Amino acid sequence: MASNAANAGWFLPALAGPLLYAACNHIDKYLLQRHFQQGGVAVLLLYSALLSALVLPFVWWMAPDVLAVDARNVLILGGVAVLDAILLWAYLNAMAGDEPTVVIVFYQLVPVLGLVFGYALLGETITALQSVAMIVVIAGAALVSFETDGEHKGRLKTRTTGFMLLACTCWALETTVFKKVALEENVWRAFFWEHLILAGVGVALFVMVPTYRRCFLAGFRQHSAAVLSLNVLNEGLYITGNLAVAFAAMLAPVALILLMNAFQPFFVLLIGLGLAWAFPRLATERIEARHLWRKSAAICITGVGTYVLLAN
């Protein structure tokens with residue numbers, strides 16, 4: 001009994017990640033839509049990168065030996081931090097032009113890309129059933145890849161699709177690389193260095209990219225303390241989600257952790273419906289029937305495909 005409980009200890013942290021990420025998705029959309037319409041991607045990217053430093057004292061307190069990391073692994077985690085920054089940039093660009101559930105459905109392509117990378121780079125095999133499951137996931141994502149109203153109805157959403165394919169690629173790579181380093185070191189060390197370097201990337205962007213610096217400073221001056229606090233809360237939720245998923249990844253195969261991501265679009269849609277019902281002025285989801293059925297169908301199809309893909 002105790003052994004079974006220990007083996008299942010990864011489930012709640014792995015589920016907490018998608019739930020916290022879903023809350024962040026709606027906060028991101030709210031900030032981009034209501035407060036940072038000009039240069040919003042630059043502002044939120046810098047906030048996410050720079051505020052990642054807030055977790056460093058806590059991690060150091062939990063594990064005072066965080067500096068005792070092999071230099072090679074520090075370089076690898078530097079690559080993970082860069083992938084994090086690219087992922088955030090691509091995701092925020094997609095979120096700026098589309099609704100949260102549509103954007104997050106694309107994340108179900110992460111395990112598909114993970115299998116493709118394994119096949120191409122590591123010589124891993126893909127079974128016939130997995131091939132079918134990959135097609136199912138892609139078909140589910142395709143449901144939300146096209147315009148459904150307006151004069152461009154039926155046209156591919158090239159902006160959303162392109163940015164989210166880039167984001168998914170970065171996520172698939174960083175999940176595997178992070179686990180490799182964390183298994184050699186430990187979660188706390190890997191987490192500390194990843195976020196330290198990510199904060200460094202934020203500083204570099206602030207110093208070296210004048211457009212980002214101007215947008216960030218303008219946003220900082222123009223918006224109230226409440227909005228700035230919302231950014232801090234958002235980053236806190238995101239970091240907590242990352243930490244929960246990192247610990248879960250130490251207790252279960254990467255495939256199972258990626259499988260839990262299938263819950264994120266469901267949580268995003270559920271939160272969106274809740275906001276539309278209770279706080280319509282804060283809602284960022286379109287809940288008309290013609291939009292809702294496509295998003296719901298896409299979530300179900302990609303969820304089934306992801307389960308079959310990772311359970312075999």
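What follows is a short chat about a predicted model.

User: What should I know about the model before we start?
Analyst: It is predicted, so local features need pLDDT of at least 70, side-chain atom pairs count only at pLDDT 80 or more, and totals for chains, interfaces and linings use all residues. Residues are numbered from 1 along each chain as its sequence is written, and side-chain values use heavy atoms, with hydrogens and water left out.

User: How many helices and strands are in the chain?
Analyst: The chain has 15 helices and zero strands. Helices (H or I, at least four residues) and strands (E, at least two) are DSSP runs, numbered from the N terminus.

User: Why is the chain called as compact as a globular protein of that length?
Analyst: Its radius of gyration is 19 Å, close to the 20 Å that the globule rule gives for 312 residues, so the chain is as compact as a globular protein of that length. The radius is taken over C-alpha atoms, and the rule is 2.2 Å times the number of residues to the power 0.38.

User: How much of the chain is buried?
Analyst: 50% of the 312 residues count as buried. Buried means under 20% relative accessible area (exposed is over 50%, partly exposed in between; 1.4 Å probe, protein chains only).

User: New topic. Is Asn 231 buried or exposed?
Analyst: Asn 231 counts as buried, because its relative accessibility is 3%. Asn 231 sits in helix 12 (residues 225–251).

User: What does Asn 231 touch?
Analyst: Leaving out residues up to four places away in sequence, Asn 231 touches Leu 31, Phe 36, Leu 44, Tyr 47 and Leu 51. Contact means heavy atoms within 4.5 Å.

User: Now helix 3 and helix 10. At what angle do their axes cross?
Analyst: Roughly 135 degrees, with the axes of helix 3 (residues 40–51) and helix 10 (residues 187–208) coming within 7 Å. Axes are lines fitted to C-alpha atoms, for helices over the stretch in contact, and angles run from 0 to 180 degrees between N-to-C directions. The two helices are therefore oblique to each other. Under 35 degrees counts as roughly parallel, over 145 as roughly antiparallel, 65 to 115 as roughly perpendicular and the rest as oblique.

User: Which residues of helix 3 meet helix 10?
Analyst: Leu 45, Leu 46, Ala 49 and Leu 50 in helix 3. Their partners in helix 10 include Leu 198, Gly 202 and Phe 206.

User: And helix 5 against helix 10, at what angle?
Analyst: The axes of helix 5 (residues 71–97) and helix 10 cross at roughly 55 degrees and come within 8 Å. Helix 5 and helix 10 are therefore oblique.
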